[in-house]
Amino acid sequence: MALHLRKRNKIIDSLKDKNSSGYDEISTKIIKISTPFIISPLINICNKMLAQGIYPERWKFSLIKPVYKSGDKSSPSNYRPISLFPVFSKIFEKVIYKSLFDHLNSNVILNEHQYGFRSKVSTENASYILLSEILTALNNKQMVGGIFCDLHKTFDYSNHAVLLDKMKFYGVSGKFYNLVKSYLDGRYQKVILSHNNCIESTWEKIKQGVPQGSILGLIFFLIYINDLPNLASIGTKILLYADDTSIIVTSPNMEKFETKIDNICGDNNWFKVNQLILNYNKTYYLQFNMKNSWDYDLKLNYQGNYIKSSSNTKFLGLIIDDSLSWKAHIDQMMSKFNTACFVIRTIQAIMSPETLRMVCFAYIHSIMSYGIIFLGRSNI
């Protein structure tokens with residue numbers, strides 16, 4: 001696939017106007033301004049990359065800026081590493097992404113139970129399937145439990161050899177396979193801490209992981225975990241939203257239910273084989289019960305570690321409880337509404353009605369409307 005002049009507008013224009021840059025200190029804004037002068041050599045380099053299956057070495061260097069998530073600020077594990085790449089790298093990554101995504105779509109390779117980073121599906125689609133499975137089982141008076149998994153640093157632990165093997169299995173071959181392999185091989189990064197003084201590490205080679213912040217990192221990860229839902233047996237459904245993995249198990253009787261749970265927790269070595277680690281501190285088991293339903297306390301053991309039982313957990317922005325009452329979720333909404341109302345009361349004297357309306361839609365309507373279709377059956 002050669003890159004032609006008419007395609008460059010779609011690729012370069014789709015980049016966001018940002019002043020941030022990679023190690024070369026060239027920003028997106030500079031690229032867009034200078035496009036008429038650099039487009040011809042840029043297309044020539046890109047076409048040679050596709051023809052030879054070799055990714056340019058100079059675009060394999062990334063700066064890492066840690067972004068705080070939550071918890072103890074002194075703990076490195078509570079920061080998300082965001083990669084800053086040269087803008088030229090992002091342009092070429094978009095070309096590779098388009099070819100790879102077209103291959104996955106035309107051959108119907110992406111698993112139907114993966115809802116993350118895909119067009120025409122959303123968090124609400126994933127929530128609907130999950131809740132439908134639970135409600136159907138409860139209406140049929142079956143036992144139903146959910147294991148809500150949190151994978152530890154999935155983007156960082158993804159193994160390059162495993163990823164490339166899966167690429168081959170899904171039909172990526174020839175020069176394009178060599179190009180993907182070249183993209184992953186020989187990458188370097190260094191950490192930048194920008195405060196009063198700039199503190200940085202030395203350049204170090206990347207041995208594993210798909211870079212967060214890159215164009216290709218997302219689709220590489222979808223391929224990496226694409227086969228996980230296929231492990232589900234009858235009465236078991238595995239749903240994915242990026243690295244959020246939820247397993248719903250249903251059965252008409254206790255004996256079969258325990259067997260299915262044991263098969264998932266005892267015999268399933270998928271995480272180990274793919275060198276991914278389950279975060280037990282953020283993985284929860286919910287035993288769903290309605291009135292006159294099952295009352296059963298199950299202890300889950302996975303590879304010598306107990307999975308915590310809980311009465312509720314967060315799933316894609318919704319707080320789901322074991323009776324589907326939505327009480328915990330509505331309580332969280334009310335807390336956010338109180339904060340938003342305080343903000344509106346504070347600024348109403350100095351803001352126009354139009355601005356206040358925008359604030360209301362941003363801080364109240366968006367919270368109220370998300371997932372509202374599922375709250376209709378709330379029994380609180």
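Here are some worked exercises on a predicted model of a protein chain.

**Exercise 1. Get your bearings: how many helices and strands does the chain have, and what does its C-alpha trace span along its principal axes?**

Step 1. Start with the secondary structure: you'll find 12 helices and 14 strands.

Step 2. Now the extent. The C-alpha trace covers about 70 × 60 × 40 Å along the principal axes.

Step 3. Next, burial. The chain has 380 residues, and 43% of them count as buried.

Step 4. Finally, look at who touches whom. Take the contacts between residues at least 6 apart in sequence: 71% of these join residues at least 24 apart.

**Exercise 2. Work out how helix 3 and helix 7 are oriented to each other, and which residues make the contact.**

Step 1. You need two things here, since two packed helices are described by the angle between their axes and the distance between the axes.

Step 2. Helix 3 covers residues 87-106 and helix 7 covers residues 174-184; their axes come within 12 Å and cross at roughly 135 degrees.

Step 3. Compare that angle with the cut-offs: over 145 degrees would be roughly antiparallel, and 65 to 115 would be roughly perpendicular.

Step 4. On the helix 3 side, the contact is made by Glu 93, Ile 96, Ser 99 and Leu 100, while helix 7 brings in Phe 176, Leu 179 and Tyr 183.

Step 5. Sort those residues by class and you get five nonpolar, one polar and one charged.

**Exercise 3. Explore helix 6: which of its residues are buried, and what do they pack against?**

Step 1. Helix 6 runs over residues 160-169, and its buried residues are His 160, Val 162, Leu 163, Leu 164, Lys 166 and Met 167.

Step 2. These buried residues pack against helix 3, helix 7, helix 8 and helix 10.

Step 3. Zoom in on Leu 164. Its relative accessible area is 8%, under the 20% cut-off, so Leu 164 is buried. Setting aside neighbours within four places in sequence, Leu 164 is in contact with Tyr 177, Val 180, Lys 181 and Leu 184.

Step 4. Check the ends. Asn 159 caps the N-terminal end of helix 6, with a side-chain oxygen 2.9 Å from the backbone nitrogen of Ala 161. Just after helix 6, Gly 171 has a positive phi of about 90 degrees.

**Exercise 4. Look at the loop between strand 14 and helix 11: what is the phi of Leu 324, and what is the phi of Trp 326?**

Step 1. Remember the general rule: most residues other than glycine have a negative phi.

Step 2. Leu 324 isn't a glycine, yet its phi is positive, about 55 degrees. Trp 326 isn't a glycine either, and its phi is positive too, about 70 degrees.

Step 3. Buried or exposed? Leu 324 has 3% relative accessibility, so it counts as buried. Trp 326, at 2%, counts as buried as well.

Step 4. Carry on into helix 11, where you'll find His 329. His 329 is buried, with a relative accessible area of 3%. Not counting residues up to four places away in sequence, His 329 touches Gly 317, Leu 318, Ile 319 and Leu 375.

Methods. Residues are numbered from 1 along each chain as its sequence is written. This is a predicted model: local features need pLDDT of at least 70, side-chain atom pairs count only at pLDDT 80 or more; totals for chains, interfaces and linings use all residues. Side-chain values use heavy atoms; hydrogens and water are left out. Axes are lines fitted to C-alpha atoms, for helices over the stretch in contact, and angles run from 0 to 180 degrees between N-to-C directions. Helices (H or I, at least four residues) and strands (E, at least two) are DSSP runs, numbered from the N terminus. Angles under 35 degrees count as roughly parallel, over 145 as roughly antiparallel, 65 to 115 as roughly perpendicular and the rest as oblique. Contact means heavy atoms within 4.5 Å. Ala, Val, Leu, Ile, Met, Phe, Trp, Tyr, Cys and Pro count as nonpolar, Asp, Glu, Lys and Arg as charged, and the others, Gly among them, as polar. Buried means under 20% relative accessible area, exposed over 50%, partly exposed in between (1.4 Å probe, protein chains only). A polar contact is a pair of N or O atoms within 3.5 Å; within protein, one must be able to donate a hydrogen and the other to accept it, and residues adjacent in sequence count only if both atoms are side-chain atoms.
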